[in-house]
Amino acid sequence: MKTRTAIAIDLLRQMIATPSVSRNETETADLLYAFLEQQGAAPQRLYNNVWCRSEEFDPARPTLLLNSHHDTVRPAAGYTRDPHEPAIEGDRLYGLGSNDAGASAVSLIQTFLKFRCAPLPFNLLLAITAEEECSGEHGFRATLPELGKIDMGLVGEPTKMQAAIGERGLVVLDCTAHGKSGHAARNEGVNALYIATDDIMQLRSFRFERTSKLLGPIGIAVTQIEAGTQHNVVPDTCRFVVDIRTTDAYTNEETVELLRTALQSECTPRSTRIRASALDTNHPMARAAIAGGSELFVSPTTSDMALMPFPTLKMGPGDSARSHTADEYILLSEIEEGIAGYEKFIENLVKEYGWKTLG
């Protein structure tokens with residue numbers, strides 16, 4: 001009989017061999033649905049998102065979401081091997097999506113299947129979702145209303161099985177300074193470039209009153225600027241882009257409004273949905289992770305945690321430094337460690353809820 005690690009590796013190899021670039025994940029969704037159905041897990045599906053619930057699901061109990069994604073970015077230009085050939089060389093399994101986040105997905109699936117019928121003090125909800133890499137409309141955001149009440153979430157991403165209890169949010173502002181055109185030689189008009197420059201200097205020195213205990217200050221960086229049509233015309237419009245890394249000290253909407261008040265330029269956010277996440281270090285999930293030997297840290301990358309309006313923790317096998325790189329790979333030993341680490345996390349979380357045994 002195959003071990004659970006071997007089953008996870010086989011499933012991951014099938015996922016690698018099945019192209020699943022964001023917004024084109026139909027075939028991997030088919031694969032995952034069929035696998036879970038064969039295991040008797042009664043999967044459900046919306047678009048290319050697949051989920052299932054533990055047996056004896058009781059709405060009166062809290063619910064723990066186990067989530068990862070099965071979509072990938074496009075292969076990097078520097079690939080020296082077929083990105084969809086799941087080649088094993090020693091301890092390495094090569095292939096697009098192996099590290100980000102296929103290994104987490106198959107490890108969470110095996111963990112869910114182990115505890116699916118166990119008498120736990122909380123429900124388990126497994127959701128392997130799509131369009132994470134592009135923050136798409138038909139990914140986790142579309143699925144969330146179908147999942148019901150969720151009290152806490154474990155997000156599978158490559159973190160070397162260390163526990164990310166926070167990540168910054170993101171707001172991109174498109175700003176436009178409005179002036180009045182004129183002839184440069186006669187010093188006419190109102191120079192929109194100067195208005196934009198004043199605003200950019202204001203952004204460089206701007207300080208928010210509140211600072212997140214976990215995530216620190218909000219980060220602001222002006223990353224693009226465009227103005228003018230020719231050398232002798234005072235520009236009447238100047239456009240610039242601001243990258244804002246938000247925290248839990250303010251909502252994204254509050255952050256935007258504070259900056260709008262401080263600037264002369266018109267400011268329009270592209271989106272406010274990528275929110276900061278910050279988990280209290282005394283939360284049962286944080287304590288369960290520590291008890292399993294994980295260190296707590298703040299992640300520099302964003303994930304679908306940003307879309308989850310409940311306490312979340314991000315942890316998974318693999319190394320974020322390998323994500324989106326040519327010749328991506330995962331170690332087979334990392335998958336084994338991932339399954340063991342997730343199982344230990346569930347066991348420790350059970351203890352946090354006052355249960356000494358699983359049955």
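**View 1. Lining of the second largest pocket by residue class.** Seven nonpolar, five polar and one charged residues make up the lining of the second largest pocket (nonpolar: Ala, Val, Leu, Ile, Met, Phe, Trp, Tyr, Cys and Pro; charged: Asp, Glu, Lys and Arg; polar: the others, Gly among them). The model is predicted: local features need pLDDT of at least 70 and side-chain atom pairs pLDDT 80 or more, whereas totals for chains, interfaces and linings use all residues. Residues are numbered from 1 along each chain as its sequence is written, and side-chain values use heavy atoms, without hydrogens and water. The volume of this second largest pocket is about 190 Å³ (space filled by probe spheres set on grid points joined across faces, edges and corners). It is lined by 13 residues, with Ala184, Asn191, Tyr194, Val234 and Pro235 closest to its centre. Helix 5 (192-205) and strand 12 (233-234) are the elements that each give two or more residues to this lining.

**View 2. The largest pocket.** This pocket has a volume of about 440 Å³ (pocket: an open set of points on a 1 Å grid over the protein atoms alone, where a 1.4 Å probe fits, with protein on both sides within 12 Å along at least five of seven lines; lining residues have an atom within 4 Å of a point). Among its 24 lining residues, Glu132, Glu157, Thr301, Thr302 and Ser303 lie nearest the centre. The lining comprises seven nonpolar, nine polar and eight charged residues.

**View 3. The buried residues of helix 1.** Thr5, Ala8, Ile9, Leu11, Leu12, Met15 and Ile16 are the buried residues of helix 1 (under 20% relative accessible area, 1.4 Å probe, protein chains only; helices are DSSP runs of H or I, at least four residues, and strands of E, at least two, numbered from the N terminus). Because they cover an arc of only 165° around the axis (from the directions of the C-beta atoms), they lie on the same side of helix 1. They pack against elements including helix 2 (26-38), helix 3 (98-115) and helix 8 (332-352) (contact: heavy atoms within 4.5 Å).

Note on methods:
Buried < 20%, exposed > 50% of the residue type's maximum accessible area, 1.4 Å probe, protein only.
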